Amino acid sequence: MNIAAAIDSVPQQAPPSASETGPAPKRVVVAYGFWIFLLSDIVMFAALFASYAILVHATAGGPTGAQLFNQTTVAIETACLLVSSYTCGLMSLAINSRNRVGMYLGAVITFALGAAFLTLEIREFADMIARGATPQRSAFLSAFFTLVGCHGLHVTLGLVWLLVMMVQVAMMGFVANVQHRLLCFSLFWHALDIVWVGVFTVVYLMGVSL
């Protein structure tokens, strides 16, 4: 018998369909869900940026960004957040090498820089409100407080998340779940830095020239 004919006579089985292979592993589902969360956050910030761009001139006779913004304070805030992104990256490298001391050092510096950023932002808000520049004063200020305040809220949640992860590393070590959560935190923190670059450019740099 011809070998080729014998091979052709063997019934070929169709590859299993997606429904037959079973559900995807949990880590794949979680990673996919987290990326959707990040993308939805970016869409939300894009909508806030668009609203701010439309309302930036609607001051209703009130103060403008050029009259309110302190460029020195904003520059320090930006430096704190960008450096924290670098230290967060060092923390991720320490996690990959299972270096607990390096991980804690990177996490503590990242937390300190994030807390410094948040403190300066709260002071900026308090100073503006003391000068009568409240969210209800004009559409411009409503859009400003919503956009910048939403970013600040995300930074606050990120700091709480980082504290929880430091506790989990102390209690559980570098198990797979903890490493995956730390990776998700790192992506979240870097995304906040990207959003802040947009805030710094659109709100503060362009705001003083209007």
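Let's start with charge pairs: the count here comes to 1 salt bridge, where a salt bridge is a side-chain nitrogen of Lys or Arg within 4 Å of a carboxyl oxygen of Asp or Glu. What you're looking at is a predicted model, in which local features need pLDDT of at least 70 and side-chain atom pairs count only at pLDDT 80 or more, while totals for chains, interfaces and linings use all residues. Residues are numbered from 1 along each chain as its sequence is written, and side-chain values use heavy atoms, with hydrogens and water left out.

**The overall picture**

- The chain has 7 helices and 0 strands; both kinds of element are DSSP runs numbered from the N terminus, with helices being H or I over at least four residues and strands being E over at least two.
- Read from the N terminus, the elements go α-α-α-α-α-α-α.
- Of the 210 residues in the chain, 38% are buried (buried means under 20% relative accessible area, exposed means over 50%, and partly exposed is in between, using a 1.4 Å probe and protein chains only).
- Take the contacts between residues at least 6 apart in sequence: 82% of them join residues at least 24 apart (a contact means heavy atoms within 4.5 Å).

**The salt bridge**

- The partners are R131 and D127, and their closest N and O atoms are 3.4 Å apart.
- R131 has a relative accessible area of 46%, so it's partly exposed.
- D127 is at 40% relative accessibility, so it counts as partly exposed too.

**Helix α4 against helix α5**

- Helix α4 covers residues 71-96 and helix α5 covers residues 100-130; they pack at an angle of about 160 degrees, with their axes 8 Å apart. Axes are lines fitted to C-alpha atoms, for helices over the stretch in contact, and angles run from 0 to 180 degrees between N-to-C directions.
- Because of that angle, α4 is roughly antiparallel to α5 (under 35 degrees counts as roughly parallel, over 145 as roughly antiparallel, 65 to 115 as roughly perpendicular, and the rest as oblique).
- The crossing of this pair, α4 and α5, is left-handed. That label applies if the near helix is turned anticlockwise from the far one by less than a right angle, and right-handed applies if it is clockwise.
- The residues of the contact of α4 with α5 split into 16 nonpolar, 6 polar and 3 charged (Ala, Val, Leu, Ile, Met, Phe, Trp, Tyr, Cys and Pro count as nonpolar, Asp, Glu, Lys and Arg as charged, and the others, Gly among them, as polar).

**Helix α4 against helix α7**

- The axes of α4 and α7 come within 10 Å and cross at roughly 160 degrees.
- So α4 is roughly antiparallel to α7.
- α4 passes α7 in a left-handed crossing, and their contact has 15 nonpolar, 9 polar and 2 charged residues.

**Helix α5 against helix α7**

- Helix α7 spans residues 176-205, and its axis and that of α5 come within 14 Å, crossing at roughly 30 degrees.
- That makes α5 roughly parallel to α7.
- α5 and α7 cross in a left-handed way.
- On the α5 side, M103, T110, G114, F117, E121 and E124 meet L182, W189, W196 and Y204 of α7.
- By class, this α5 and α7 contact has 6 nonpolar, 2 polar and 2 charged residues.

**Zooming in on T110**

- T110 sits in helix α5.
- T110 is at 0% relative accessibility, so it counts as buried.
- Setting aside residues up to four places away in sequence, T110 touches S84, T87, C88, L162 and W189.

**Zooming in on G173**

- You'll find G173 in the loop between α6 (139-172) and α7.
- G173 counts as buried because its relative accessibility is 8%.
- G173 and R100 are 73 residues apart along the chain, yet their C-alpha atoms are separated by 8.4 Å.
- Leaving aside neighbours within four places in sequence, G173 is in contact with R100, Q168 and V178.

**Two loop residues with positive phi**

- Most residues other than glycine have a negative phi.
- A60 has a positive phi near 55 degrees, and this residue lies in the loop between α2 (26-55) and α3 (65-68).
- At 61% relative accessibility, A60 counts as exposed.
- R98 also has a positive phi, near 55 degrees, and R98 lies in the loop between α4 and α5.
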